Amino acid sequence: MRYNYALKKKEERNGTNLKEYENEIKEALEYLNVGKENYITINEDSFEFSYSGCISRGYLQEMGKRLSKLGVGKEGFVRQKNKAYAFLSYDKSRTNDEQILVELVDCSTVDGENEYFLEEMPQWVNFYRRVELSTTCISLEKAKKIFNRFYEPEDNKEIVFLVEFKHRHLEINKYHENINSDFIYDYKSNKNNKSFVRENTCLIEHLYSDGVYQPDFVDLADITSVGVITEPKRKSLLSKFDVKIDSYPGVQYNANILSQNTKYTFTVHNVGQALATSLSEKGQKPFFYFDYGIACGKNARTLPKNIKLPIAKDATILLSHVDEDHWCGFRINQEALKCRWIIPQNPRKALKKTLSSVYSNGGTIIQYSANGLSILKIKSLNNCMVAGNSQSTINSSRSPKKTHETGNALYIFAQYKGKEYKIVISGDQDYDYQDNSYFNDINLLVACHHGGEFSWSKRAAIPIPNSVENKIVYSYGDGNSYGHPSKVSEHSKNGWNIEHHTPKDGNFEIDLELIDNTRTIKPSSKLPISFEI
């Protein structure tokens, strides 16, 4: 979160140049553990700093007292509104209340000089590690209210506004009490009541990476003014954020020989309205995750209490696609930022910001296109997993319309109780965009899209269960805003009758042996990577 402070009294503000008190301000901020990596900006009339989380009022009051003792701000300081660039993207394929993605980027972290530039880091890392941003998805109707006459959505065009907004922190239950009430508060007439959720209020997601994420609270932004920017300025801003991300090899992973009868545990974690699945050597922390998400945004309250996502050193995180509920688990376990991340698509700003932290923490970043199928190698078991997608099996000429249609599904080949055992994890990938040659005799299916819509066409094939040993796992959050799982009956009609629901039944776990199943795997490409425990 970005904090911006100015002197409270106008007369003192007019007669004081805060740049002359740079050392005193930085000394006072040390009390809050705000160091140089928090990108302190000191202007003549104000100072700003970033902090991963919400600082308590008492700490902020103590900051003011310390500044006063150091000879600056005798009459006190007052928090200012944040100035930010609001990047708006329209996606009509999303649900009506989420069609507009709004990314708020504090101006000073984009326009200011990067005095903490590190030569050993690529340009994109230096840029994104200092950028302060938060995201929200709102309805087209709300976007038009907030951005009034200025906004008309356009496909494939990112529109940018200059806004002022105030950060707020509210208990999650109180927030939902507000939005479920019939009365919408006018932010002008109720501007002093911090418990209200108003017409200009957006629930935002910050990229917490310092272990201070508080799932019982939500972060809000009240957008109080909107201004337009010139077209040259818009293009200039977009060019800064569209800087190409390079894959970063990081730690070198070597394939070691491992006995093929080693016992592994496959887990579908109970993470609320999100997805995280893992493989671990029995009794050990997971060395591999397919998605590492937790419930976020308006569904954050579906996140179970005291949740943990353990992860081994140098583990691999393969994303199904770049939607936030499939990768933001690092908020509760920063060890994930030291691991290897494999990204199948071009990431948006928030994920780029996260990947800059992965780079800074010594992790590995690999980008590739999930176009077709790729073999994933674990130790000596060359062909125990396949990931990727396919052209539409109903209409091969149809171009993907949604983000997840160009992402990964995962197929795991194993033995369970001496018999072959096949697992399909769809992520959010439509069944129609998966290679249906892997859809027969499935033993375990992690349902597509949290048990929701599984294809753009009603003619899509659902994977066929093994008639003897089969189970379907629905990963979702109880009371989520999408009504998931909404397609249980469709799966049941196709033979998936033994169900596991994560919010009711908790984590799903099964111990098995991974097998090299070369005879049934015909990938269209090969990923030049080896997974290692």
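A crossing of two helices is called left-handed if the near helix is turned anticlockwise from the far one by less than a right angle, and right-handed if the turn is clockwise. The legends below apply this and a few other terms to a predicted model, in which local features need pLDDT of at least 70 and side-chain atom pairs count only at pLDDT 80 or more, while totals for chains, interfaces and linings use all residues. Residues are numbered from 1 along each chain as its sequence is written, and side-chain values use heavy atoms, with hydrogens and water left out.

**View 1. Helix α2 against helix α3.** Helix α2 (residues 22-29) and helix α3 (residues 57-69) pack with their axes 9 Å apart and at an angle of about 145°, where axes are lines fitted to C-alpha atoms, for helices over the stretch in contact, and angles between N-to-C directions run from 0 to 180 degrees. Helices (H or I, at least four residues) and strands (E, at least two) are DSSP runs, numbered from the N terminus. The crossing in which α2 passes α3 is right-handed. From α2, Glu 24, Ile 25, Ala 28 and Leu 29 meet Met 63, Arg 66 and Leu 67 of α3, contact meaning heavy atoms within 4.5 Å. The residues of this contact of α2 with α3 divide into five nonpolar, no polar and two charged; Ala, Val, Leu, Ile, Met, Phe, Trp, Tyr, Cys and Pro count as nonpolar, Asp, Glu, Lys and Arg as charged, and the others, Gly among them, as polar.

**View 2. Helix α5 against helix α9.** The axes of helix α5 (residues 123-130) and helix α9 (residues 349-360) come within 8 Å and cross at roughly 110°. That angle makes α5 roughly perpendicular to α9, since angles under 35 degrees count as roughly parallel, over 145 as roughly antiparallel, 65 to 115 as roughly perpendicular and the rest as oblique. The crossing of α5 with α9 is left-handed. On the α5 side, Trp 124, Val 125, Tyr 128, Arg 129 and Arg 130 take part, and they meet Lys 349, Lys 352, Lys 353, Leu 355, Ser 356, Tyr 359 and Ser 360 of α9. The residues of this contact of α5 with α9 comprise five nonpolar, two polar and five charged.

View 3. Most residues other than glycine have a negative phi, and most peptide bonds are trans. Asp 291, although not a glycine, has a positive phi of about 75°, and its place is in strand β13 (residues 288-292). With 0% relative accessibility, Asp 291 counts as buried, a term that means under 20% relative accessible area, whereas exposed means over 50% and partly exposed lies in between (1.4 Å probe, protein chains only). His 450, again not a glycine, has a positive phi of about 60° and is found in the loop between β21 (444-446) and β22, where His 450 is buried with a relative accessible area of 5%. The peptide bond from His 484 to Pro 485 is cis, with omega near 0°, and Pro 485 lies in the loop between β22 (471-474) and α10 (488-493).

**View 4. Surroundings of Ala 460.** Ala 460 has its place in the loop between β21 and β22 and, at 11% relative accessibility, counts as buried. Leaving aside neighbours within four places in sequence, Ala 460 is in contact with Ile 394, Asp 432, Phe 454 and Ser 455. Between Ala 460 and Asp 430, which are 30 residues apart in sequence, the C-alpha to C-alpha distance is 8.6 Å.

View 5. Val 271 lies in the loop between β11 (263-268) and β12 (276-281), and is buried with a relative accessible area of 0%. Beyond its neighbours within four places in sequence, Val 271 is in contact with Ala 276, Gly 293, Ile 294, Ala 295, Leu 303, Pro 304, Ile 307 and Leu 309. One of these residues, Ile 307, is 36 residues from Val 271 in sequence and 7.3 Å from it in space, C-alpha to C-alpha. Lys 305 is found in the loop between β13 and β14 (316-318) and is exposed, with a relative accessible area of 61%; the C-alpha atoms of Lys 305 and Val 271, 34 residues apart along the chain, are separated by 9.6 Å.
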